[in-house]
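My entries follow the display.

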Amino acid sequence: MTPLWALFLAFIAATHAETPGCKIRVTSKALELVKQEGLKFLEQELETITIPDLRGSEGPFSYNISEKVYDFLSTFIISGVRFLLNQQICPVLHHAGLVLLNSLLGTVPVRSAVDQYVGIDYSLLSDPVTSASNLDMNFRGAFFPLVEANTSFPNRAVEPQLQEDERMVYVAFSEFFFDSAMDSYFQAGAFRLELVGDKVPKDLDMVLRATFFGSIILLSPAVIDAPLKLELQVLAPPRCTIKPSGTTISVTTGLVIALVPPDQPQVQLSSMTMDARLSAKMGLRGKALRAQMDLRRFRIYSNQSALESLALIPLQAPLKTLLQIVVMPLLNDRTKRGVQIPLPEGIDFVEEVVTNQAGFLTIGADLHFTKGLREVIEKNQPSGDLGPTSSPPQSVAPTS
């Protein structure tokens with residue numbers, strides 16, 4: 001029977017284990033691609049070897065072996081070399097591909113800036129786990145505000161799971177991955193927007209002045225015709241919900257409507273709260289995870305009284321239009337830049353398929369070398385020479 005203290009220690013270890021926000025699975029198909037690139041590289045190297053014609057004499061005999069003779073003999077030599085590659089070198093290249101992928105992934109920055117507001121932490125939470133067909137890696141997958149780089153957010157999301165192995169690579173992201181991004185942007189003060197004067201759409205300006213005409217008419221003449229100002233500020237970090245039916249973002253925003261006469265304090269006309277629900281469509285481009293947002297649901301209500309909330313009903317449609325034609329394009333312009341997935345330079349994702357699960361989403365894709373293997377190795381390998389006879393690092397040793 002297992003001792004009680006051992007069960008207690010196991011429980012403590014489990015409760016302290018950090019749940020990954022991002023998982024990556026590299027399948028044997030990706031290793032096969034690396035092997036084929038290796039074979040292509042070797043064949044290219046062999047093709048660059050040229051042997052000059054041999055001429056000379058030995059005693060009474062003279063000889064002249066031309067290039068054509070070499071071409072005739074090369075058919076037998078190349079056949080033998082290819083047999084050797086398939087029988088002896090290919091298994092080594094398969095192992096070397098595993099080592100190479102692990103080595104290249106080790107050169108990807110663990111913590112790096114995404115933009116001027118936030119950074120991303122792709123720390124490995126444990127050693128990669130290998131099997132006969134897959135290499136699985138658990139990453140922290142957490143954003144952080146650059147102004148407070150030591151900030152950490154609790155991860156209470158469902159742990160993403162990877163079951164498939166038909167494609168070369170699978171990447172899984174939990175709700176925590178996206179929530180930490182929105183927490184970070186919120187703390188960095190990025191969820192604020194001001195529209196003043198000409199920045200306010202003319203139709204909306206007219207509707208707002210008509211709605212608050214009773215308040216405006218009581219103001220001094222110097223204020224009545226002052227430019228209109230809209231202040232939008234997210235009141236709490238938005239939250240991501242991932243379901244098989246799709247991904248949604250819930251956000252609550254405060255809106256202040258005011259007049260801003262020159263050289264005078266602004267005059268507030270109203271303040272209200274806007275609840276919105278956005279749909280998010282995720283996809284990959286190269287190595288970047290990108291999101292396209294669409295406004296699905298929207299409602300406004302007054303911070304003052306239920307009666308004023310009723311008076312704001314006519315503003316529902318024009319404010320929704322404001323979000324659609326002004327705010328959403330700004331948001332999508334930022335999200336379309338994407339965030340990099342930990343993959344070495346020179347290798348991109350292609351033909352991706354996004355699948356939503358309960359609490360996480362997975363992206364299956366194939367890999368494409370955008371650069372030659374030699375260039376990829378030279379650019380990403382920091383030091384040392386990855387020879388085909390290198391022994392496997394301990395972190396990628398096959399598990400029993």
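I am working on a predicted model, where local features need pLDDT of at least 70, side-chain atom pairs count only at pLDDT 80 or more, and totals for chains, interfaces and linings use all residues. Residues are numbered from 1 along each chain as its sequence is written, and side-chain values use heavy atoms, with hydrogens and water left out.

Salt bridges. I found 14 in the structure (a side-chain nitrogen of Lys or Arg within 4 Å of a carboxyl oxygen of Asp or Glu). I looked up Lys-23 and Glu-159, whose closest N and O atoms are 2.9 Å apart. Lys-23 sits in strand 1 and Glu-159 in the loop between strands 8 and 9, so the bridge ties parts 136 residues apart in sequence (strands are DSSP runs of E, at least two residues, and helices runs of H or I, at least four, numbered from the N terminus). Lys-23 is buried at 11% relative accessible area, while Glu-159 is partly exposed at 32% (buried is under 20%, exposed over 50%, partly exposed in between, with a 1.4 Å probe and protein chains only).

Next I checked Asp-205 and Arg-209, which pair at 2.7 Å, N to O. They are 4 residues apart in helix 5, about one helical turn. Asp-205 is buried at 15%; Arg-209 is partly exposed at 22%.

Serine. I placed Ser-279 in strand 14 (residues 267-285). Ser-279 is buried, at 15%. Its side chain makes a polar contact with that of Arg-296 at 3.2 Å (N or O atoms within 3.5 Å, one able to donate a hydrogen and the other to accept it; residues adjacent in sequence count only if both atoms are side-chain atoms).
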